[in-house]
Amino acid sequence: MQIYSYDLDIDIDSEKYAYSCHEVIHFTGNEEKLILNSVNLNIKKIKVNNSIKNFKEYKQNQEIVVDGIVTKDSVAEIDFTGKIPEEMQGFYLAKTKSGDMFTTQFESTGARRFFPCVDNPAYKSTFDIAVTINKDLDAISNMPVDSTEEKGGKKVVKFMQTPVMSTYLLYLGIGKFDERSLDIPGGKKIVLAAQKGHLTSSDYPLEIAKKSIEYYEDYFGIEYPLPKEHLIAVPEFAAGAMENWGALTFREIYLNVSSSTGASVKKAVGEVIAHELAHQWFGDLVTMNWWDDLWLNESFATFMSYKAMNQLEPDYDMFADFLVSETAGALEGDSLVNSHPIEVEVKHPDDISQIFDEISYGKGGSILRMINAFVTDDVFREGLHQYLENFKYRNASGSDLWEFISKVSDRPVRKVMESFIQNIGYPVIEIREDNGKLKLNQYRFLLNGKKQNAQWKIPLTMKYTSGIRSQVFDSDSIEIDDARGFIKLNDSETGFYRVMYSDSLYDNIIKNISILDNKDIFGILNDLHAFLLAGKISFKDYLSRAGKFMELTDPLIIREISNELFSLYSIYPENRDIVNANMEYLSSRLKVLGERRENENINISLARGVLANRYAIINKGYAEELSRFEKSLNETDPNMRLAVLTSMAIVHNNAGLMLDTLEGFDQDEDRVKVIQAMAMLSGEDNFRTIEDAIKNRKIKMQDSLRYYMLAAANPGAREYIYSNLENIIESIQAVFAGSGYSSRVIETVVPFIGLNHPEEIQEKLDRINIREISRGIKKGMEYLDIYINFRERMKEN
């Protein structure tokens, strides 16, 4: 069965939070049973070729089965009604002080919550949308408005027909909107939209969108195919952003740019916009066959967004951020026994949401960066162009892409890709020098310290004093004849693997430190931290090896060392050696960075804010110094504002004061900083006050997740999170069911709240275990074991 088109005539009752719809589906293809996906919809009547049909609803399978057979050129008509809930999937209600907004989020299986359909990415079709709404409301969809007319005291907005596309990419938004637009070549338009009163004056999102589209058109060799592109700010949104074709949706923080926007958010705004725009080609124009190739969509959008922003904003050093935000998390997550391959079989809807993780995004994006470096950018680009041109408006699989890149490359692309995509985990390479030769062996790296024999086809890049040499390492061990002038493996960290150097080779790296770039040093440091957690080196050895790099002033290196030391503090805050290492490093680097200078690099501003926030958490005296700025928050450097807010929370320990501060801010960025700071509070009264604020929506549900995950890392809040875990997960599931967020919260909080309850926590998790959070439970418990073992080793030392 194939679908030619959907026609949806929708009537919105915005007072009752409900709607009715007359749907017409045109079929083509073979004779088959008519089976449609549907969830929580009230089906009134189904007709096929003007004949009323009986049907059965199978709620467990989320399906409606219609009597009879659908033949080629059949037409089905369905009358149904639906509610508009506050759950953040399907067609849902986002409530704000300034009014209601109705919006959609269909990835991965939310379309079936809005209308009966074949909710499968492989079933592409066109969509004709007409919506009847109150006259004072506006409507946005994937395509421009075709016509508007008054009818029965309301207005009917009809949109132009979409190109053929998958159901999960359909969008409908209803509300009172402010808009601002920018023209782009070809008579097309980019439109920035937000609820009335929520649109800020900055054109930065529009400018980044325009530059990104121009970059992708040139890089892919294919014009942006739709007549317009909306960037829509959604006040309550489970996902960070969504690539609905021609109607991108974002949390408000990613579009509401102002003069008080901090460095980290400004960079994130650019990357997230570029990410969703990359999807307009990679995911929307060419779509995966099924969700087991989800990584192909997300990996490419991830890699290409950093690639685009690195070109558009050179001062941002975006591939430094890529290593911190994508590669580091993927290397950590994929070193768990309970990781999964990039290409993973998906059978049940509840399994889909759990693979929107660091493997699908970070590992996949890092593998693409590795292949890009392996085949050269020109070859990679030509392969992408041929792939997109061949499969546009159709579906494809990962193997199709490797086929096209292989066609234009003389390198073993398919073998390398399959090695990293189909295998769980990644290699660690041990390397030593012996009689003028380099000896390498590989095996799977596991954070639990165990050694597992496995083999990858690794595209090695070897940095010598004379330049870069490359070869494929595709056996258990190899010998390289010439060690003269060798410095390190994995040039600029383009490869997805770790390296353990012998003592003599490590000393040689230090001697040649001036030849290394910041990404080389990031990789060495990140590997050392992983080896420490895995028990391969001691804390003393870690500090000794990282010591020379601690003198460096590059912002990426400062952030990475701080990230590592602070993560150790979060695991073992009672250990004086770890506390002292943090105090010394944070204090010294803050002195080196000094006060903010006019026109300083954005990454220096970002690093200063990160260090100050952490120093305030560890050193109450410093927090007391910073809290002096609490009365002039609006004038405070946006990059230091979180540190001041955290200091307020620590010094006053008063949730009521923090909520008053929250109410004083209009922008999501500042409100999120207040919520992050609130995670540092302690005491039952404070926790109850925050819980009430979450229930009463003074704190957005989308932001409550951040609070719980950060609070679990706060020693003063862990017992509260542990005691109330069942209620917390239940409240998250009530709003975020199907999104995978409950699983992510569990994975993040369990390793910390379980440190004082290593025996009891499994029983607690067994009581709340459902399929949707099962992966998070396994990963969280594995991290807990790793942290416990690390603490035990620290006690022995």
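The questions and answers below concern a predicted model.

Colleague: How are helices H23 and H25 oriented to each other, roughly parallel or roughly perpendicular?
Modeller: Helix H23 spans residues 725–736 and helix H25 spans residues 761–768, and their axes lie 10 Å apart. The angle at which they pack is about 30 degrees. Angles under 35 degrees count as roughly parallel. H23 and H25 are therefore roughly parallel.

Colleague: How many charged residues are in the contact of H23 with H25?
Modeller: H23 contributes Leu725, Glu726 and Ile729, while H25 contributes Lys764, Leu765, Arg767 and Ile768. By class, this contact has four nonpolar and no polar residues, and its charged residues number three.

Colleague: Is glycine 283 buried or exposed?
Modeller: Glycine 283 sits in the loop between helix H2 and strand E21. Leaving aside neighbours within four places in sequence, its contacts are Tyr168, Leu169 and Asn297. A residue under 20% relative accessible area counts as buried. Because its relative accessibility is 0%, glycine 283 is buried.

Colleague: How far apart in space are glycine 283 and leucine 169?
Modeller: In sequence, glycine 283 and leucine 169 are 114 residues apart. In space, C-alpha to C-alpha, the distance between them is 9.3 Å.

Terms used. Residues are numbered from 1 along each chain as its sequence is written. This is a predicted model: local features need pLDDT of at least 70, side-chain atom pairs count only at pLDDT 80 or more; totals for chains, interfaces and linings use all residues. Side-chain values use heavy atoms; hydrogens and water are left out. Axes are lines fitted to C-alpha atoms, for helices over the stretch in contact, and angles run from 0 to 180 degrees between N-to-C directions. Helices (H or I, at least four residues) and strands (E, at least two) are DSSP runs, numbered from the N terminus. Angles under 35 degrees count as roughly parallel, over 145 as roughly antiparallel, 65 to 115 as roughly perpendicular and the rest as oblique. Contact means heavy atoms within 4.5 Å. Ala, Val, Leu, Ile, Met, Phe, Trp, Tyr, Cys and Pro count as nonpolar, Asp, Glu, Lys and Arg as charged, and the others, Gly among them, as polar. Buried means under 20% relative accessible area, exposed over 50%, partly exposed in between (1.4 Å probe, protein chains only).
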